[in-house]
Amino acid sequence: MIEKIKLILKSVREYKKYAIITPIFMVGEAAMECAMPFIMGMFVDEIKILSGPESFFHTETGIPVFYLALILLGMAIISLLCGIWGGKFASIASVGLASNLRSDLYKKLASFSFENIDKFSASSLVTRMTTDINNVQNAFQMMIRIVIRAPLMLIFSAVMTFVGGGLMGFIFVALVPIVAFGLFLIIRHAMKVFTRVFKKYDALNESVQENVTGIRVVKAYVREDFEKDKFSSASDNISKEFILGEKIVALNNPLMNTAIHLSNILIIGLGTWIIASTAHFDGKDWVGGQLSLGQMSALITYGIQILMSLMMISMIMVMLALSIESMKRIGEVLQEEPTIKNPENPIMEVKSGSVDFNHVNFKYKSEAEKYALSDIDFHIKSGQFIGVLGSTGSGKTSVVNLISRLYDVTEGEVLVDGHNVKEYDLKTLRDNVSVVLQKNVLFSGTIESNLKWGNEHATEEEMMKACKIAQALEIVKAKEEGLKSKVEQGGSNLSGGQKQRLCIARAILKNPKIMILDDSTSAVDTKTDRLIRKGLKEDLPEMTKIVIAQRISSIEDADQIIVMDNGMINAIGTHEELLKSNEIYREVYQTQNRVGGDK
Amino acid sequence: MPPVRMRERGRAKKGTMKRILKQLFKLYPWQLILSLICLIFNVFGNISSSVFVSLATAALTEAGSKNVNPFIGTYPVTSTFGFTLYTNVTYLIIILGCIYIVGIFASWTWNRTMAIVTHKFLNEFRKKMFAHMEELPIKYFDTHAHGAIMSLYTNDIDTIRQFISQSLPNLIQTGLVSIFVFTIMMITSVWMTLVVVVGFIIMLAVVKGLGGKSSKFFIKQQIALGQVEGNIEESIKGLKVIKVFTHEEKSAEEFDKINDELKSYATTANIHGNIMMPVMGNIGNFLYILCALMGAFIYVFKWKNLSASGYDVISNPGQFAGMIALFLMMSRMFANNVNQFSQQVIFIVMGMAGASRCLDLIDEQKETDDGYVYLCNVKYHKDGTFEETSEHTHDYAWKYRHKDGTLEYRPLQGDIVLDQVDFSYDGNKLVLEDVSIYAHPGQKIAFVGATGAGKTTITNLINRFYDIADGKIRYDGININKIKKADLRKSLGMVLQDTNLFTGTVMENIRYGRLEATDEECIKAAKIANAHDFIIRLPEGYNTMLNGDGSNLSQGQRQLLSIARAAVADAPVMILDEATSSIDTRTERLVQKGTDQLMEGRTVFVIAHRLSTVQNSDAIMVLDHGHIIERGTHDDLIAQKGVYYNLYTGAFELE
């Protein structure tokens, strides 16, 4: 945990000076706030013995009223400036930390391999980068502003009580531990209740989410009342728990008030006794004693300050405790080491598109018992068209993911252009092995900005050409603004087929040696599908093409078809060969032939 | 359909506070009154204790001047208000103690009561919102971003909590303290009060200035935050694409750009918030010094002091000391209160905006239902007559009461007719035009067409998720508007495009179809849907918990579960909307056996992407832009060599 916190604090970087300077100003503010009641006490004492206009500047007992007023004014100004600067630098430091942290997390995520990514769920990553960072920002701000200030206030005020009040300071020495213990008990109990109830609260909100997204199911099955009852009882339960927690928290106020009031009574009682027994009355005021009336009222102020800073300390404790979970989650991501890294002295060029799998075994997690792929062995020559077929979960995607080193093999080796993929520079390898993923994603922006992912410097001509090959030209042409047309988040303003074709165009623009289409034409009709394949073949003959498909029609003219079953290669051959010899292939063919064939 | 934007963050509708307070008062009048009384006692206690503290010092001075023991015997002590008490320090401490005890008790009572009231109110409010939401028409969910609806239950409710539990008592407290303190100050000295009033005006100006700027940047910050969160979400969902295209650096650059923008707004907003406290606090300090000096001047220069009581305390040497101390204490209390309140301003603004959005949901028009025809289970006798029964049989009848009170039953057969139906989502653009469909009992009707052609819309009209604009839909000869909505939907078993599951066990999710179904019936349904095999391989079989929308299952497995759910519902009419789209062709063949069994003897509406699924339908409707352009059996349509033929032979694209 300490390491995680250290790691998070590393992101302070250029804001370190602000983070350091803030507590200094806070100390300044605290010092003024502590000293002021003392001076104010003197001030009031002096005012009370004023006798005429000249007595503003002269006094026998101490500092004249006029100067005291100036001193106080000066102190207020210092306190104000310290407060403003402290607040400002605290903001800069904490917001800066959060901003750096977000940027660092983003870069960290970008450095992750697929294996790393699979570990975290998408929604948890979003939470880590938003809510959790926000919690850290608040906790950090609290830290630099108050963690030093509050204990200092406590100590300052405590010292002042002894300076100004002599033995009266012991009132607080006795009270503080009792209050601290009381606060500790309250917080401990309340925290227990609240951590429990917050979990339930999250669950309740999840069920609301289910209802919002699944409203059609709820209504179709007429389950409105059922859901209402479910929600009601969950909500009632949470409410009860919340109230239980709040009842504990509500003890806070009486505890503090009792302490403050008790100290007041003790100060007045003891103070009166000390004054009456040690001082003498000079006709206007008590003088010469161990305590003056002004000091007595200053003591009351210090008492409140001591107990308030105690309360603040307890609040910080709660906040820090709450933010620890967030820090843990952020630290987890920061600590995660990318499993796939660039080798030393990497190969910077891929010359051909040949692919060789030599007895490859693969599992997603090292602790998993079952291999996702076992003994995969096949060889592809540069420029070939390879089809991959198999039912869901048979390992098709796993195989192709190894080529661009999205995952590393567990045993065996994968060669591209005769070299082990682990020897290549990652960027070089991935630029030369273009994958159109099963889950196609376009990013918000324009069609052009999305296509340029393939090649930053692509000209309009090149983009149009890629679109032509991918049969996406008509999509671009149908839009008024052509390549500049807007793409909404997740490409929600395009149909599935349109998205797939644009994704293929994007991949073509990379001008790779090997192109992998992972079920990327599923929403495209057979005719267009055929045209895409034709385009790839004719316009990019040198490029190795690996196509994973559900439809036999998409791959029947491949040079080789690999039939996958249960993580193993069931057969390799051409369409005709497989139709004759392979049962799975024949079965799939027959099913689909019933779909598309009986004319 | 573009989602309607919810009310912008930071703006509340007028009258929101009034509505919230009214509801609050209606639900918990006594608790609120009790809290208010305790709050008054609390404030009064705080102030009067200061008065008694100053009285104690006055008594001490008095005892000195009279040269008596301050603790025993009584002697006259003149208070700063001009009245004289015969007392001593001991008595005063005892009174003070009593005031404190009352104050502590009052403060504990109102804190506790308000906390309880807050949570009870939020609970009621939340339940009311949820119950209302469940009754809203589908259209509401189409037109509002789901994230925004969700945030009503989290962020917005939370702002209401803050408002009721903190800002509201604080507002009242500030008001009370101001009144008390102002009165006391006026009684003492009008001149000195003037100093405080001027300070108060400056403070208000600061709150308005700083607070206004702060909330302006706060809103900007929220917008920037939204952008950053959007980018994060998009990047994380597309992380694999980023990696495949080695776009890491470029994406990080873009992210840094908007992240920097957020930083600059957030810093400014945060600074303004942070500065508020020291500025207000030190205005309080300045006020303190000025008041003291003012008092000193009045005393020293023997200015004519004005006071509400007419009694000039300040120029009175005996009381001057105690009076100054008291007045200063009052001015400090006043400043602290305004300072505390200034912290609440932003919460009040946010709370009202949040409440406003929640009330918008509650004000939405509920789904209307004027139906009076009910669905009931019936038991057939041997002679062909039937009677209503409360047990679950496989036979149903429609039941309605004539005006003369007689009940009429009509056996449910599953004859559904759409007669020249028009429909529009927004009242302008027709999505369906002149659609007529005749589904006779036991027939299988299929819809084929591109996305957006209106296939799903038709099924959504049959179950009245939406109401038609023109034309008629009859179910066994009854206009569906006359059928109770719940009963209409109960008679339609639906497997929807989106397979939404709920948190709970697999068994509970299947049972969602019919709550009374036994475990055996659920397992039987799972077998029909071909889901049994994968379910028993789950870690805990049927008792496996599904979390967050069944994310631990594959899309295909979820579809199988939702088919099982429909199977257990055992409704006389079925609607299958892309029920097997995510199941691979081999598995689909197995599921098909199950669904065939499910369809047997039932009227069925099928929407499918794969034409193989609909080939054996009694009638296939080819839809294009809301019109039925071809209809007939598979063979008819192939023979027509029209759109269906082209789709079938793969010449056209469905999307």
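Predicted model: local features only at pLDDT ≥ 70, side-chain atom pairs only at ≥ 80, totals over all residues.
**View 1. Helix α5 of chain A and helix α6 of chain B cross in the right-handed sense.** Residues are numbered from 1 along each chain as its sequence is written, while chains are lettered from A and ligands numbered from 1 in the order in which they are written. Axes are lines fitted to C-alpha atoms, for helices over the stretch in contact, and angles run from 0 to 180 degrees between N-to-C directions. Helices (H or I, at least four residues) and strands (E, at least two) are DSSP runs, numbered from the N terminus.

On the α5(A) side, the contact is made by A:Ala122, A:Leu125, A:Val126, A:Met129 and A:Thr130. From α6(B) come B:Glu229, B:Ile232, B:Glu233, B:Ile236 and B:Lys237. Residues are in contact if their C-beta atoms, placed from the backbone, lie within 7 Å. Six of the contact residues are nonpolar, one is polar and three are charged. Ala, Val, Leu, Ile, Met, Phe, Trp, Tyr, Cys and Pro count as nonpolar, Asp, Glu, Lys and Arg as charged, and the others, Gly among them, as polar.

**View 2. Chain B meets chain A through 123 residues on each side.** On the side of chain B, the largest share comes from helix α8 (residues 248-300), with 28 residues. By class, this side of chain B has 62 nonpolar, 37 polar and 24 charged residues.

**View 3. B:Ile116 sits in helix α3 of chain B.** The helix spans residues 89-134. Is B:Ile116 buried or exposed? B:Ile116 is buried, because 20 other C-beta atoms lie within 10 Å. The cut-offs are 20 or more such atoms within 10 Å for buried, 12 or fewer for exposed, and in between for partly exposed, with C-beta atoms placed from the backbone. Leaving aside neighbours within four places in sequence, B:Ile116 is in contact with A:Ile243 and A:Glu246. B:Tyr542 is 426 residues away from B:Ile116 in sequence and 40 Å away in space, C-alpha to C-alpha.

**View 4. Four strands of chain B form an open antiparallel sheet in the order β4-β3-β5-β6.** Strands β4 (386-389) and β6 stand at the edges. Each has a single partner strand, so one side of each is left without a neighbour in the sheet. Neighbouring strands are turned by 45 degrees against each other on average, direction ignored. Strands pair if DSSP finds at least two bridges between them. Strand β3 (residues 374-380) runs antiparallel to β5(B), joined by four bridges. There, B:Asn377 stands opposite B:Tyr396 of β5(B).

**View 5. Strands β5 and β6 of chain B form a hairpin.** Strand β5 covers residues 396-401 and pairs with β6(B) in the antiparallel sense over five bridges. B:Ala397 has B:Pro411 of β6(B) as its bridge partner. Five residues lie between the strands, and B:Gly405 in the turn has a positive phi of about 95 degrees. How many of the five residues of β6(B) (residues 407-411) are buried? The count is zero, and the strand is hardly covered.

**View 6. A further open sheet in chain B has the order β8-β7-β10-β11, with antiparallel pairing.** Its edge strands are β8 (430-439) and β11, and each pairs on one side only. Strand β7 (residues 416-424) and strand β10 (residues 470-475) are linked by five bridges. One pair there is B:Asp422 with B:Asp470 of β10(B). Two bridges connect β10(B) to strand β11 (residues 478-479). B:Tyr475 stands opposite B:Ile478 of β11(B). The hairpin of β10(B) and β11(B) has two residues between the strands, and B:Asp476 takes a positive phi near 50 degrees.

**View 7. Chain B is assigned domain 1 (17-362), domain 2 (374-411) and domain 3 (416-648).** Domain bounds come from an automatic or database domain assignment. The C-alpha centres of domains 1 and 2 of chain B lie 65 Å apart. For chain A, the assignment gives domain 1 (2-335) and domain 2 (355-362 + 373-596). Their C-alpha centres lie 58 Å apart.

Technical notes:
Left-handed = near helix turned anticlockwise from the far one by under 90°. Contact = placed C-beta atoms within 7 Å.
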